[in-house]
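This briefing goes through a structure topic by topic. Please keep the sequence and the 3D view at hand while reading.

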Amino acid sequence: MQPPTHPHTSHALATLLLASCFLASFFLLPLPVHASLTPPIASYTINVTLDVEAKTLAAHEIVTYVNTTADPISDLVFHLYLNAFRSADTVYMREIGHGWDPERTGWITVIDVRMTDGTPLTLEEVEDGTLARAALPTPVAPGEAVTIELDFEAQLPQVFARTGYAGDFFMVGQWFPKLGVWQDGAWNAYPFHANAEFYADFGTYDVTITLPEGYVTGGTGLPASKVDHGDGTQTVHYHAEDVIDFAWTASPHFLEATRRVDGIEILYMHLPEHAWTIERVLDAAEAAVSHYGSWYGPYPYNRLTVVDVPNDGQGAGGMEYPTLVTAGTLIGPAGARAARLLEVVVVHEIGHQWWQSMVAFNEAEEPWLDEGFTDYSAVQVMAAAYGDDTSFVDIGKVEMSYLDTRRAEYISNPRVPMYGRAWEFAGRDYQTGAYSKPVVALSTLERVLGKETMLDVMRTFFQRHQFGHPTTEDFRAVAEEVSDQELSWFFDGLVYGDGVLNYTVTDVDTHSVTVMRQGNLTIPTEVQVTFADRSTVLERWDGAEAEATFTYPGRPPVRSAEVDPERKLVVDLRWADNGLSRRLEISPWLALTTRLLYNLQSALLTLGGL
Amino acid sequence: MNGWSAFRVGLSRVLRYRQVLVILFAVNLFGALALAALPAWGLAAGLGCRPAIRQAADGVDAWLVIETLASWSTDGTLRQKTMSLGSVPAAGVALLAWLSGAFLNGGVLFTYAEDGRSLSKLGSSPSDKTSPGPQAPPSVDAPEALSSNGPNARRFRWRRFLWGCWHWFGAFLLLGIAQAVASVVLFVLLVGGAIGAVAAVGGWLTWVVVPLLMLVAVLWLALTECTRIVAVIEGTRNVVRAFGGAIRFVLRHIPSVAGLYGPALLLLGLVHALYRWGLMPHLPLEWWALLLVVQQATIAVRLGARLVRLAGGVALVQV
């Protein structure tokens with residue numbers, strides 16, 4: 001058993017080790033480090049030792065914060081995320097309602113905090129202990145920087161939500177004392193909520209990880225060096241710039257598969273039992289990096305790591321960190337053949353590299369932005385890579401797109417606004433408000449504006465706010481500017497509002513057509529009327545009135561009518577009633593009836609021998 | 001008699017007693033038509049004038065299925081309506097299959113069995129060289145008028161058929177319930193166990209488990225069918241005794257049973273594959289009349305294949 005190294009006693013050794021790692025990095029860099037893209041605000045140097053038996057971390061952390069705001073800052077507020085798992089009474093565990101095991105807790109304890117000149121600081125826990133505040137001896141003036149040091153120990157939980165261990169597999173995320181974001185004259189930092197994710201400033205990370213030999217590691221950024229100590233331990237140094245977080249993983253069973261895409265190395269760290277996923281994951285990752293890069297802006301880092309998780313550690317799967325994402329393979333080869341869930345997870349999580357890791361939304365306050373933008377983008381990549389109608393399921397005549405799955409979720413629970421803090425959504429409203437409704441709403445916006453205009457909106461938004469913290473209103477400004485349209489139906493009706501819409505044709509008479517809007521959302525649309533001689537008329541309908549009638553006195557009898565014939569309004573709750581014919585659609589009805597008859601005959605034959 | 005010979009005897013008896021096939025086909029068709037009427041009317045009323053029905057008829061359409069399921073989950077009235085439209089045919093199929101199967105199986109098997117007995121008295125016909133020998137048991141409690149003597153012995157006789165139907169109706173009703181319950185229990189145990197084994201050992205075990213499950217399913221099918229055959233040939237309405245006799249017979253004649261069920265099930269599989277992948281994908285929905293003809297031909301062949309299996313089984317047991 002590897003005894004934990006106490007941060008106090010090992011500080012000098014750690015510093016020496018760190019220095020040697022830096023020196024070694026000049027000779028051992030496997031890939032070029034990209035040039036810095038944004039001035040660092042919150043930077044971290046961490047020396048951590050992993051005890052693989054006790055599942056604990058012992059670490060020394062140096063934090064440098066640059067005050068880029070106009071306010072003098074008199075304190076620092078840190079997230080201590082792992083404390084969410086230390087008791088059943090934390091905000092996180094109360095909200096999740098299950099899963100806490102007293103035998104397998106997680107926690108983080110800061111042993112010492114001080115200025116770099118040795119001046120001691122006091123770190124006070126706030127609320128449930130997932131936040132802590134340290135008052136500074138003197139405020140940090142605008143444009144100035146402050147550096148402090150912390151020693152901490154942490155117990156990793158058995159993984160059930162993103163971070164922890166499963167046997168000898170470790171996914172170490174949200175693991176170190178991490179600063180909040182100063183904005184609007186205060187620290188923007190909330191206790192760790194069940195639905196909420198993360199919000200942080202960009203910075204540079206240098207992390208050295210000491211752990212037993214034989215463990216294969218992966219982490220944010222690039223491995224800069226690796227030192228075998230000859231005593232059964234090794235130290236791996238990772239360096240990352242222009243990132244908002246650092247996560248790492250370790251397992252003695254990891255195997256590596258790589259592929260180069262547009263100059264980027266995609267590294268897939270997989271477990272032996274999931275070797276069947278290699279090509280599928282790399283194909284999906286290639287499609288994602290290639291499409292997102294060409295649509296929004298290039299991926300600026302040298303490597304993207306995709307981490308496989310074991311079957312008993314699926315809680316760590318499907319998560320995004322800067323330059324590193326985790327996948328998931330619980331459904332197995334048979335399930336993966338039936339549905340492209342494996343690919344969807346990879347494509348979605350890689351999408352977060354653009355919509356969270358580079359455009360760093362506040363995931364706690366506006367979760368719809370990062371999850372919605374990511375999932376909408378994932379829908380586009382899945383369609384481009386696997387077909388518009390077959391991007392999720394493609395078995396014979398059974399086809400389903402990824403958009404279909406999101407629309408299914410939306411129309412079963414549509415009266416949810418997208419905008420809202422993560423913890424304000426009740427039950428499955430979070431899934432609808434943050435994921436499925438944004439996908440169908442953005443898809444509707446795309447079809448109304450046109451694909452090219454929508455791409456222009458997204459690209460402009462990305463490029464204008466890369467390495468920033470944009471909000472919903474920033475997106476509104478870009479969308480209305482680029483499209484040159486007032487988009488209140490989208491923002492007021494769908495983002496901030498809980499408006500719903502069902503357009504339907506209610507009556508087709510010989511010379512008139514009546515259409516109806518059900519619900520309080522109004523989106524301009526079209527009505528296509530087909531006459532007995534097969535000629536058609538396309539009417540514009542603004543949907544402002546709940547009902548409208550179009551008349552055609554001098555024309556041949558009306559045969560049928562259809563509102564929104566091109567299915568642009570993905571938010572329409574029911575497409576099936578968009579059209580109406582004057583007479584029974586006899587051929588399809590007979591075709592369906594004969595199939596029904598055959599199936600009943602088959603059932604009789606199977607059950608009773610008839 | 002080996003299995004292949006039994007298969008050929010079965011085929012010749014099905015062709016000779018074509019009326020049996022016609023009766024079963026008619027019950028199947030008109031029963032299904034009655035059951036289809038309500039949902040077909042519901043379809044016409046609900047979606048019949050909506051162009052969306054074209055997407056529904058063109059295959060499994062994701063958005064239509066999604067909307068239907070979503071509406072179904074959120075709209076209580078629609079749920080109730082759909083339940084009533086769907087539950088009537090579902091319950092109807094189960095009830096009709098149970099009642100008509102129990103009634104008709106006795107007549108079908110008695111007709112084929114009497115054919116075998118008449119041969120044992122008249123001697124083998126050139127087309128039926130593997131017919132049973134003189135040891136075939138007599139028709140135990142059938143009235144004399146139904147016995148297999150005379151010039152009409154090898155012709156379909158309504159009276160004989162209906163007597164068989166009625167005579168074993170009660171016994172086969174009971175057997176149908178017992179068989180359904182046992183099938184469900186067997187299915188849950190075996191499939192549950194198989195899933196557990198594959199999860200514990202690994203995906204490769206699927207390649208062992210699936211063929212094994214298929215073998216068990218065929219064996220179970222043979223046992224349940226042989227139970228009815230043994231009951232009719234031995235003239236008993238004691239289904240427990242018949243089941244015991246079926247187990248003994250199947251275990252003692254595994255190669256012959258396999259030789260009969262192999263070709264019969266292969267024929268079924270081929271017909272189904274031809275229908276599902278060879279014909280259906282190429283029939284546009286406007287050709288609904290041709291579709292109907294193809295479907296009915298498929299049902300007739302499937303029904304015929306089952307009768308061949310039963311008639312062949314009768315021949316095997318009579319030996």
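In this predicted model, Asp75(A) sits opposite Ala135(A), a residue of β6(A). The two strands of chain A concerned here are β3 (residues 73–79) and β6 (residues 131–140), which pair in the antiparallel sense over six bridges.

**The antiparallel sheet of chain A**
- Strands β3 and β6 belong to an open sheet of four strands in chain A, with the order β5-β6-β3-β10 and antiparallel pairing.
- At the edges of this sheet are β5 (123–126) and β10 (178–179) of chain A, each of which pairs on one side only.

**The mixed sheet of chain A**
- An open sheet of five strands in chain A has the order β18-β19-β20-β22-β21, and its pairing is mixed.
- Strands β18 (255–261) and β21 (319–321) of chain A each have a single partner strand, so one side of each is left without a neighbour in the sheet.
- From one strand to the next, the twist averages 15 degrees.
- Strand β19 (residues 264–270) and strand β20 (residues 303–307) of chain A run parallel and are joined by five bridges.
- Met269(A) has Val307(A), in β20(A), as its bridge partner.
- Helix α3 (residues 278–295) of chain A packs on the sheet and touches β18, β19 and β20 of chain A. The direction of α3 makes about 150 degrees with that of β19(A).
- Helix α5 (residues 341–351) of chain A also packs on the sheet, where it touches β20, β21 and β22 (324–326) of chain A. The direction of α5 makes about 150 degrees with that of β22(A).

**Chain A as a whole**
- Chain A contains 13 helices and 31 strands.
- Of the 610 residues in chain A, 51% are buried.
- The C-alpha trace of chain A spans about 95 × 65 × 45 Å along its principal axes.
- Why does a radius of gyration of 28 Å agree with a compact globule? For 610 residues, such a globule would have a radius near 25 Å, and the 28 Å of chain A agrees with this.
- Among contacts in chain A with a separation of 6 or more, 67% are between residues 24 or more positions apart.

**Domains of chain A**
- The division of chain A gives domain 1 (1–252), domain 2 (367–495) and domain 3 (502–584).
- The centres of domain 2 and domain 3 of chain A, taken over C-alpha atoms, are separated by 26 Å.
- Twelve residues from domain 2 and eight residues from domain 3 of chain A take part in the contact between them.
- On the side of domain 2, α8, α9 (429–449) and α12 (488–495) of chain A each supply at least two residues.
- Helix α9(A) gives the largest share of that side, six residues.
- By class, that side has seven nonpolar, three polar and two charged residues.

**Chain B and its contact with chain A**
- Chain B has eleven helices and zero strands.
- Buried residues account for 38% of the 319 residues in chain B.
- Which chain gives 54 residues to the contact, and which gives 43? Chain B gives 54 residues and chain A gives 43.
- Several elements of chain A each supply at least two residues of the side that touches chain B, among them α4 (332–338), β30 (558–563) and α13 (586–608).
- The largest share of this side of chain A, 18 residues, comes from α13(A).
- The residues of this side of chain A comprise 23 nonpolar, twelve polar and eight charged.

Technical notes:
Residues numbered from 1 in each chain as written. Chains lettered and ligands numbered in written order. Predicted model: local features only at pLDDT ≥ 70, side-chain atom pairs only at ≥ 80, totals over all residues. Buried ≥ 20, exposed ≤ 12 C-beta atoms within 10 Å, placed from the backbone. Contact = placed C-beta atoms within 7 Å. Nonpolar A, V, L, I, M, F, W, Y, C, P; charged D, E, K, R; others polar. Rg over C-alpha atoms; globule rule 2.2 N^0.38 Å. Domains from an automatic or database assignment. Pairing = 2+ DSSP bridges. Axes fitted to C-alpha atoms, helices over the stretch in contact; angles between N-to-C directions.
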